[in-house]
Amino acid sequence: MPSTALAGIRVLDLSRILAAPLATQLLADLGAEVIKVERPGTGDDSRSYGPPFAPGTDTAAFYLSCNRNKRSVTVNHATAEGQEVIRALAARSDVLVENFRTGTLAKYGLGHESLRELNPRLVYLSVTGFGQTGPYAERPGYDGIFQAMSGMMSVSGHPQEPMKVGVSMVDILTGLYAATAVLAALRHRDATGEGQFIDLSLLDCGLASLSHFAMNYLVSGEVPARRGNGGYGGIPSQAFQCADKPLFLVAGNDKQFAAFCAAAERTDLLQDPRFATTSARITHREEILPVLEAVMRTRTRDEWLAVLDEHDVPAGPFNEMPEVFADPQIRHRGMLVEVEGPVSGRLPLLANPIRFGATPVEGYTPPPALGEHTDEVLAEVAGLAEDRIRDLRGRGVV
């Protein structure tokens with residue numbers, strides 16, 4: 001039995017920035033061997049997306065967030081010899097992941113059609129802003145643009161102002177879709193012996209992530225309103241200001257609302273037909289919210305959290321980063337790990353959240369220095385002799 005879920009799978013990672021590197025990092029966490037190919041001299045653009053930088057280095061924390069458990073190789077794909085190196089690596093890989101603009105790698109003989117002739121079993125994933133087809137296929141784009149175009153911003157923020165999600169959410173969701181797609185394609189490859197091309201668009205993934213917001217619109221024809229920190233589920237489902245600090249409270253069904261009323265000593269609300277059922281509370285949202293806001297201001301946040309927990313009502317505090325990593329549940333779950341830093345000391349990393357019973361995610365390695373593994377990978381995987389590697393390095397090919 002393999003010690004990791006993806007033991008024996010080799011991924012050739014030609015991607016940069018965030019969405020696709022997140023996908024390959026996830027595959028690496030699951031046990032795949034991931035070889036990251038970067039430009040000589042500069043590497044992945046995100047290496048310079050700082051400050052902050054790793055202590056004692058010029059490597060940005062942004063890069064560190066999505067490149068652990070990989071090996072870094074430098075290859076200039078714009079040269080004929082560099083293209084041959086990449087082809088040699090692709091011939092011995094199970095998956096290739098890239099996020100160049102549509103058609104870029106094909107110009108260098110590194111597109112799917114060319115590499116499929118070399119390796120019919122190769123799963124080739126291309127992540128682009130708008131996809132391989134359509135009137136926008138040639139356009140560049142970044143996360144904020146896709147949050148705006150997909151409708152994500154239209155349902156985020158307060159009524160008077162659309163708001164971008166703080167993190168690069170479309171990139172992150174696309175990374176998850178990408179890893180899922182690769183796993184499905186590998187399953188198909190193992191059954192048929194054939195790889196395939198995967199065309200993944202950030203705009204598509206952003207729209208798909210709207211989920212029930214989009215479905216509500218498609219069913220009703222009503223444009224979803226921006227509700228700030230209010231949700232679209234059961235009522236209440238939003239932030240409330242307590243006597244001192246805010247918390248987030250959700251009573252997602254009638255049982256939980258009854259428990260909230262008991263905790264708040266307001267069981268009279270259950271007798272009001274406007275508030276007695278989930279549907280009624282949604283319909284009369286604007287009438288019940290002022291009542292709940294007044295109730296929540298009668299106690300401190302910690303007093304509310306204690307009594308709501310006692311009554312099994314879902315609620316939580318608004319944690320800043322120091323509070324997040326000090327939270328006893330997060331500490332218990334091991335969501336913060338440390339590895340040897342690139343220069344000295346310990347480097348903290350977010351852990352992978354997947355908990356397997358048989359093939360655990362364990363043994364993190366730090367994100368690699370630029371070209372750190374070039375010689376060993378070109379010798380072990382591409383089969384190049386030492387003098388050939390030395391020659392390519394001397395001429396700036398690797």
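Leaving aside neighbours within four places in sequence, which residues is Val11 in contact with? They are Thr24, Leu27, Ala32, Glu33, Val34, Ile35, Val95 and Val97, where contact means heavy atoms within 4.5 Å.

A word on the model. This is a predicted model: local features need pLDDT of at least 70, side-chain atom pairs count only at pLDDT 80 or more, and totals for chains, interfaces and linings use all residues. Residues are numbered from 1 along each chain as its sequence is written, and side-chain values use heavy atoms, with hydrogens and water left out.

Now the cores. A nonpolar core is a set of buried Ala, Val, Leu, Ile, Met, Phe, Trp, Tyr and Cys residues joined through side-chain atoms within 4.5 Å. Buried is under 20% relative accessible area, exposed over 50%, and partly exposed in between, with a 1.4 Å probe and protein chains only. The largest core has 43 residues, and Ile9, Val11, Leu27, Ala32, Val95 and Leu125 touch the most other members. Helix α6 (residues 169-192) gives the most to this core, six residues; helices here are DSSP runs of H or I, at least four residues, and strands are runs of E, at least two, numbered from the N terminus. A second, separate core of 26 residues includes Val73, Ala90, Leu105 and Val377.

Next, helix α12, residues 301-310. Arg301, Trp304, Val307 and Leu308 are buried there. They sit on the same side of α12 because they cover an arc of only 135 degrees around the axis, taken from the directions from the helix axis to the C-beta atoms. Their cover includes β10 (246-250), α9 (254-264), α11 (285-296) and β11 (315-317). The face turned away from the buried side carries exposed Asp309 and Glu310.
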